[in-house]
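Work through the exercises below with the structure open. Try each task before reading its solution.

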Amino acid sequence: MGLTEDRERFREVGETRREDLAEFIGHGDLGGSDADRIRIPIKVVDLPSFEYDQRSAGGVGQGGDGQPQPGQPVDPEPGDGDEEGDPGEEGGDHEYYEMDPEEFARELDEALGLDLEPKGKRVVEEVEGDFTDTARSGPRGTLDVDEFFKRGLKRHLATDFDGDYVREGLFVDGADVDDVFAWARGQGIPVSRAWIADAAATLAEERGEPVAALDRWESFDALDEAVDREPVSQRIRREGLDSVPFRREDERFRHPEVIEKRERNVVVINVRDASGSMRETKRELVERVFTPMDWYLTGKYDAAEFRYVVHDAEAWEVDREEFFGIQSGGGTRISSAYDLVEELLEEYPYSEWNRYVFAAGDSENAGSDTTDNVIPAMESIDANLQAYVETQPGDGAANARHADEVEAAFADADDVAVARVSEPDDVTDAIYEILSTESSGDGGAGRGGPAARGRTDGGDRR
């Protein structure tokens, strides 16, 4: 078996024996991965088996110096253990299944039933595709002959008519040119009055007497009952076409389709409560929700940038390493974080960037800060998706009202999600709640979106 085949076989084994994705997100070690590489442990199951004593020890269960007494320690025989090193001294890459963010995003889509297809916003390149478009002008060498002929033929079919049938109208008793013209146009025949006048003059000249002297139809109704009008298409099939009357405006020139390549960029601002009430368990739940979503969005977008904001009564920006572990002893004022978020988003124009704002905490907030400040701030932010994740193990605190107030304020919005996590088993449900809110949107705006505020810049909602 070659190296390539062996590598593929190992990958297949890893795919089937790795930890379940939901189990890994809720309970696995997320710290072993980084932004570009997700390492998921492979489940190794050793089946029980009999091992035969290869030494001359006198039989199974018999000590070297006779039968051991109860409580007597049994010394290992020489050669016992691993002669090449102590167990566990060296790790092996084969104990993990590695995937990049793109594969992780596909797997999470499949595992949770997500369907997020982000769209690009800023045009970064225009390329020429196949010669499938046409224009009224262009080099003669690109003239679309087929289209030219079809347009001329359509005009011919639309303007041609059965001239013999129209001439019969001139033989209706008492009918003049105007009467015949009105009758013909009533029949849907595309004939002009001038043509009928010329036909009448020609008939009079041929017979040397006015057409009226040749009346043979009592009325137009009598003519219609006696004479059948031959359709143009039928006559063309019978007689063929000598020529097709082309016009300059029939010309169409082929040119390549212009394809716009749009860059799918996303900026994600993660916000976390770092006040004294955010104990280790709550912080871990935040990490278990935010980290997989970071991986997922990295895999979905061409370019993804992440900013991290923590707050107590004040807010400040940190790097990712500090974000999940930092804790202060201060109180909580969530609006301070949204003030900073609005400043950071100024660096990422909504017309060019997809923008997500994800906040998490234990739902405790000072006074009426949520209704007076946070909700108006969320309404003013142009974002594809905003979310709040409540991490409150157990029954929660009596003053933990922030999630409820946000949920009530944005009940009809399709770009705001609220999720609650009280234990690791809730994590994947929270991720689905958030990301499915974005994927279920139809490009319209929710309460805080641009359509609600009369935007006219054509910004893409996804």
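**Exercise 1. Salt bridge between strand and helix**

Task: Is R420 buried, partly exposed or exposed, and which residue forms a salt bridge with R420?

Solution. Start with accessibility. R420 has a relative accessibility of 35%, so R420 counts as partly exposed (buried means under 20% relative accessible area, exposed over 50%, partly exposed in between, with a 1.4 Å probe and protein chains only). Next, take the partner. R420 forms a salt bridge with D404, and their closest N and O atoms are 2.5 Å apart (a salt bridge is a side-chain nitrogen of Lys or Arg within 4 Å of a carboxyl oxygen of Asp or Glu). D404 is partly exposed too, because its relative accessible area is 43%. Then place both residues. R420 sits in strand β12 and D404 in helix α14 (residues 402-409), so the pair ties together parts 16 residues apart in sequence. Helices (H or I, at least four residues) and strands (E, at least two) are DSSP runs, numbered from the N terminus.

Two notes on the source apply throughout. This is a predicted model, in which local features need pLDDT of at least 70 and side-chain atom pairs count only at pLDDT 80 or more, while totals for chains, interfaces and linings use all residues. Residues are numbered from 1 along each chain as its sequence is written, and side-chain values use heavy atoms, with hydrogens and water left out.

**Exercise 2. Other salt bridges**

Task: How many salt bridges does a search of the whole structure find?

Solution. The search finds 14. One of them links R288 to E284, with the closest N and O atoms 3.3 Å apart. Both residues lie in helix α10 (residues 280-300), 4 residues apart, about one turn of the helix. R288 is buried, because its relative accessibility is 9%. E284 is partly exposed, because its relative accessible area is 35%. Another salt bridge joins E405 to R401, with the closest N and O atoms 3.7 Å apart.

**Exercise 3. A buried charge**

Task: Which side chain of opposite charge is nearest to D426, and how far away?

Solution. First find the residue. D426 lies in the loop between β12 (416-421) and α15 (427-439). D426 is buried but has no salt bridge. The nearest side chain of opposite charge is R420, 10 Å away. Charge is assigned simply: Lys and Arg are positive, Asp and Glu negative, and His and the chain ends are not counted. Now check contacts. D426 touches R420 and V421, not counting residues up to four places away in sequence (contact means heavy atoms within 4.5 Å).

**Exercise 4. One face of a helix**

Task: Which residues of α14 are buried, and what do they pack against?

Solution. The buried residues of α14 are H402, A403, V406 and A409. Seen down the axis of α14, they fall within an arc of 135°, so they line one face of the helix. The arc is that of the directions from the helix axis to the C-beta atoms. An α-helix has 3.6 residues a turn, so residues three or four places apart point the same way. The buried residues of α14 pack against α13 (369-380), β11 (385-391) and β12.

**Exercise 5. The nonpolar core**

Task: Which residues touch the most other members of the largest nonpolar core?

Solution. This core has 47 residues, and V289, F290, F358 and I434 touch the most other members. A nonpolar core is a set of buried Ala, Val, Leu, Ile, Met, Phe, Trp, Tyr and Cys residues joined through side-chain atoms within 4.5 Å. Helix α10 gives the most to this core, with 8 residues. A second, separate core of 29 residues includes Y348, F410, A413 and V418.

**Exercise 6. Two strands**

Task: What stands opposite I38, and which residues of β2 are on the covered face?

Solution. Strand β1 (residues 38-41) and β2 run antiparallel, joined by 4 bridges. Two strands pair if DSSP finds at least two bridges between them. I38 stands opposite M99 in β2. Strand β2 (residues 96-99) has Y97 and M99 on its covered face, with Y96 and E98 on the uncovered one.
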